[in-house]
Amino acid sequence: LYKHIFSLISTLAVYLICGQLVALYGILVMLFCLLATPKAWKTALGAIVPGLVFTLITIRWTPCVPLTDGIYSLAYQESQLQPDSYLYFVWIRTCILLGVLFIVSYLIKHLPLKRRWVNMATTAVSGLGFAAYAFLQLPNIEEVLNNEMEHLAYLSKQKDWEGIVETFDKRPPTNYIEQNFLFLALAKQNKLGNTLFSYNPKGPHSLLATWDHRYYTSVLLSDIHFAIGDLTLSESYAMEGLTLSKRGGSPYMMQRLVEISLIREEWNLANKYLEILGRLPAYKEWAKAHQAYLHHPERVKQNASWKHISLSLQADNLFSLLTVDYIWKEHLHGATPNPIAEMYIGCSYLLAKKLEKFKDFLFEISKEQVIPIHFQEALLILASDEPTLLEQFTIDTTTINRFKLFQQDIRKASKDSYGLTQLQRKYGDTYWFYYFCKN
């Protein structure tokens with residue numbers, strides 16, 4: 001009797017924790033009992049019968065995704081908007097593997113062989129079966145990259161900029177996309193102009209990567225262009241993100257389209273997106289909160305996240321008639337200057353080693369503010385030919401003294417085979433090393 005009671009209680013517990021997966025639990029228990037203890041197979045009825053009943057009731061009387069959806073192919077699972085069917089897809093195949101191993105082990109056990117060989121054969125088949133299954137399920141390089149990008153995109157969505165920086169404090173960024181995430185986080189924290197060259201950037205693409213037709217790259221580039229105030233390109237990449245997302249839609253990119261529509265005062269379009277998001281449980285509260293902006297341009301202008309964005313040039317870049325840096329500069333002269341656009345345009349000139357353009361840019365920003373350390377370092381290079389520049393901007397004395405030491409050390413390094421390594425150790429976090437020592 002206690003075995004039947006245990007079967008019922010365990011089945012109920014599995015149902016409360018795992019839902020419809022209890023049917024798979026009941027089937028495995030029944031199969032195990034039939035193979036291991038045929039005489040006690042009735043004990044398994046306490047697991048399989050309630051499990052199937054609970055599952056049928058759940059499918060019939062609740063709006064949940066049915067367990068049977070997990071039978072279909074992986075392509076079908078990727079087209080669904082809910083993760084439940086994919087979980088069922090994985091567990092059904094795992095249970096099939098376990099069932100096959102039970103049956104194979106049972107057959108080997110009853111072969112006319114000595115017990116030693118039976119044990120060895122059973123262990124070998126079980127081990128090889130699990131090894132083959134695990135090998136087939138190992139993620140490929142693209143999946144590993146997507147998992148890392150998903151983590152970074154999640155942190156960006158949560159505005160956890162410190163979390164992104166901490167990720168790369170533990171390990172250096174390995175590609176342009178990771179550097180883009182990192183430098184966006186630093187810009188959001190107003191640290192980019194002081195720490196950019198501490199992370200070994202490899203050119204302008206470290207700041208703004210080339211689009212590679214991937215979903216997470218689209219999300220990233222939409223985030224960057226939105227941060228610097230370029231709504232046209234941000235919207236374009238958000239649309240690409242919607243197209244490239246595996247499940248045929250990206251609520252996060254739809255949120256971005258809502259923000260862009262509200263800023264442009266396109267109320268009907270914004271309401272259309274908000275109605276879609278309002279039907280998603282996880283985004284219902286967000287949609288409700290943003291409905292308060294509809295037909296209220298004064299509220300939109302008061303939003304701290306949007307007040308730096310200017311609309312003066314948004315429609316002019318549809319045919320790439322204007323250069324990106326020209327658009328960024330225009331945002332510096334809006335009603336409220338955009339500090340992220342200012343940081344990106346300045347750092348992009350530094351990474352491209354366009355110091356003449358950088359000099360012109362310096363005169364466009366306020367001379368009263370304290371310019372970032374890397375801007376000061378570039379200004380010292382320019383001042384080598386134009387000393388009067390030092391009279392127009394405030395440069396920290398420590399930075400000036402360090403530049404003098406750098407000039408001495410770089411002359412010594414040219415005569416030493418290990419000079420470049422020593423320079424990198426001492427000045428690898430400066431713009432001077434990037435400008436003079438890197439191609």
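Residues are numbered from 1 along each chain as its sequence is written, and side-chain values use heavy atoms, with hydrogens and water left out. In this predicted model, local features need pLDDT of at least 70 and side-chain atom pairs count only at pLDDT 80 or more, whereas totals for chains, interfaces and linings use all residues.

Visitor: How much space lies in the second largest pocket?
Guide: A pocket is an open set of points on a 1 Å grid over the protein atoms alone where a 1.4 Å probe fits, with protein on both sides within 12 Å along at least five of seven lines. Points are joined across faces, edges and corners, and the volume is the space filled by probe spheres set on them. For the second largest pocket this space is about 570 Å³.

Visitor: Which residues lie nearest the centre of the second largest pocket?
Guide: Lining residues have an atom within 4 Å of a point, and the second largest pocket has 25 of them. They divide into 12 nonpolar, seven polar and six charged (Ala, Val, Leu, Ile, Met, Phe, Trp, Tyr, Cys and Pro count as nonpolar, Asp, Glu, Lys and Arg as charged, the others, Gly among them, as polar). Nearest the centre lie Lys159, Lys188, Phe226, Glu259 and Ser305.

Visitor: Which helix gives the most to the lining of the second largest pocket?
Guide: Helices are DSSP runs (H or I, at least four residues), numbered from the N terminus. At least two lining residues come from each of α7 (141-157), α9 (176-188), α11 (215-227), α13 (251-263), α15 (284-290) and α18 (339-351). The most, four residues, come from α13.

Visitor: How are α12 and α13 oriented to each other?
Guide: Axes are lines fitted to C-alpha atoms over the stretch in contact, and angles run from 0 to 180 degrees between N-to-C directions. The axes of α12 (residues 231-244) and α13 are 9 Å apart, at an angle of about 150 degrees. Angles over 145 degrees count as roughly antiparallel, and α12 and α13 are therefore roughly antiparallel.

Visitor: Which residues of α20 meet α19?
Guide: The axes of α19 (residues 355-364) and α20 (residues 373-383) come within 11 Å and cross at roughly 115 degrees. Contact means heavy atoms within 4.5 Å. From α19, Leu355, Glu356, Phe358, Lys359, Phe361 and Leu362 meet, in α20, Phe375, Ala378, Leu379, Ile381 and Leu382.

Visitor: Which residues of α20 does α18 meet?
Guide: The axes of α18 and α20 come within 11 Å and cross at roughly 40 degrees. Glu342, Met343, Gly346, Cys347 and Leu350 are the α18 residues in this contact. Their partners in α20 are His374, Phe375 and Ala378.

Note on methods: Parallel < 35°, antiparallel > 145°, perpendicular 65-115°, else oblique.
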